[in-house]
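Hi everyone, thanks for making time today. Let's look at one structure together and start with a single helix.

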Amino acid sequence: MENQRGCGGEAVAMAEASIDYAAVYQALPGMVALLTPELVFADVNEAYIRGTGRSREELVGRYLFDVFPDNPNDPNATGARNLQASLLRVLATGERDTMALQRYAVEDPERPGEWEERFWSPVNTPVLGPAGKAELIVHRVEEVTELIRARGRAGDGQGRVLEAELYSRARELQELNNRLRQAHAREREVALALQEAMLPARRQVGHHRAAVRYRPAVGALNVCGDWYDLVDLVGGHRIGVSVGDVVGHGLEAAGVMGQLRSALSAASRVADGPAQALNVVGRYAHVVDGAESATAVTTFIDFDRHTITYSSAGHPPPVLLHHDGRVEFLDRATDPPLDARPDPTPRPEATTSFAPGATLVLYTDGLIERRREDIDTGLLRLAEALRRHRTQDPETLADTVLLELLPPGGATDDTALVVVRL
């Protein structure tokens, strides 16, 4: 059986290597064009040439809306404007956009000045590059002019009514989709502004050579409940560094995040250690709606004694990158999430030492977790990236880690990252 599976895998690999994808593209039965980010035709298949009545020379290398503008004689023509908005949305979001039925007249190539009313159903899909940005757009379009008109051929008047009704419903659907997108965009802006206002500014990091990063998840709203915090501690040359994660999305998650971050920030300033600070926040989490299963990890860094004392409430372990490249996961004081501990039970706490020049890295699970992948794989990927780039300064290292570990199209969960040079 193993040999059969191995042979099958080799046969698939050989078949894939022998496929002429350019020929497949040209043979596709539907009309498909490839557009650059500047909306210039990069290529068109044979069905697109036949369907539009334009030659390859008339299309490739030309701006889409120079070839197919709106009918200047029709003040109600919106096909080009709607298509352009869809294509720009694909470039901005990196996500596919399915358009409603469009009435989009096309000029007769053999009779300039004569425009033929036609109906199209377009779908625009990005081709993402290594950096997660759209390098091409697959513009697939299905012409449905004959279908619409055929539905009403029982009588010309009835046909025109049906045609107008279908187009009207398509316009309503498109306007509704636009309103929904605008509503999501407004909610996202509010949530991001709220989240940014509640997270500490870079100037609060002070002279400790720390870099902080926050990357929202891809999706409609793009805001979850990840957070970070850096505070000066009383007594000696000490700081507290924490990260946390609230389950959920949107404004509610951002609000809960703000409450827990503020509570931990205040508790850290007066607590004897990180475990006591998490105990206080855990009791608070029991009475905060939406704080269920929230996680956090906090570290107290003592620069005089060269020690890090830490405690974790269900959160992935911080990473201590030693100057010689050795990677140490701070996982000896791990406990359940904030609201899962019985009130009288103290949380664990551990201490490790460091030499000047080491680097402490705290993060949320969006950095390491992938669907259908063991979390240890993500932790090893993070450790290897830190080891390879350990000589970089915190700001550069933070950017490098995000670039190497986040998927090209963006993560499906928020990511918070703190890098501190000790």
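Which residues in α11 are buried? Keep in mind that we are looking at a predicted model. The buried ones are Gly378, Leu379, Leu382, Ala383, Ala385 and Leu386. They sit on the same side of α11, because they cover an arc of only 165 degrees around the axis. And what do they pack against? Their partners are β14, β15, β18 and α12.

Now the helix itself. α11 runs over residues 375-388, and its 14 residues reach 20 Å from the first C-alpha to the last, close to the 20 Å expected.

Next, some charged residues. Arg387 makes a salt bridge with Glu384, and the closest N and O atoms are 2.7 Å apart. Both belong to α11, three residues apart, or about one turn of the helix. Arg387 is partly exposed at 31% relative accessibility, and Glu384 is partly exposed at 33%. Then there is Arg388, which pairs with Glu404 at 2.4 Å between the closest N and O atoms. That pair links distant parts of the chain, since Arg388 is in α11 and Glu404 in α12, 16 residues apart. Glu384, Arg387, Arg388 and Glu404 are linked in a network of salt bridges.

Let's finish with the nonpolar side chains. The largest nonpolar core has 25 residues, and Ile301, Val418 and Leu422 touch the most other members. Strands giving two or more residues to this core include β12, β18 and β19. Apart from it lies another core of 24 residues, with Leu35 and Val67 among them.

Note on methods:
Residues are numbered from 1 along each chain as its sequence is written. This is a predicted model: local features need pLDDT of at least 70, side-chain atom pairs count only at pLDDT 80 or more; totals for chains, interfaces and linings use all residues. Side-chain values use heavy atoms; hydrogens and water are left out. Helices (H or I, at least four residues) and strands (E, at least two) are DSSP runs, numbered from the N terminus. The expected span of a helix is 1.5 Å times one less than its number of residues. Buried means under 20% relative accessible area, exposed over 50%, partly exposed in between (1.4 Å probe, protein chains only). The arc is that of the directions from the helix axis to the C-beta atoms. Contact means heavy atoms within 4.5 Å. A nonpolar core is a set of buried Ala, Val, Leu, Ile, Met, Phe, Trp, Tyr and Cys residues joined through side-chain atoms within 4.5 Å. A salt bridge is a side-chain nitrogen of Lys or Arg within 4 Å of a carboxyl oxygen of Asp or Glu.
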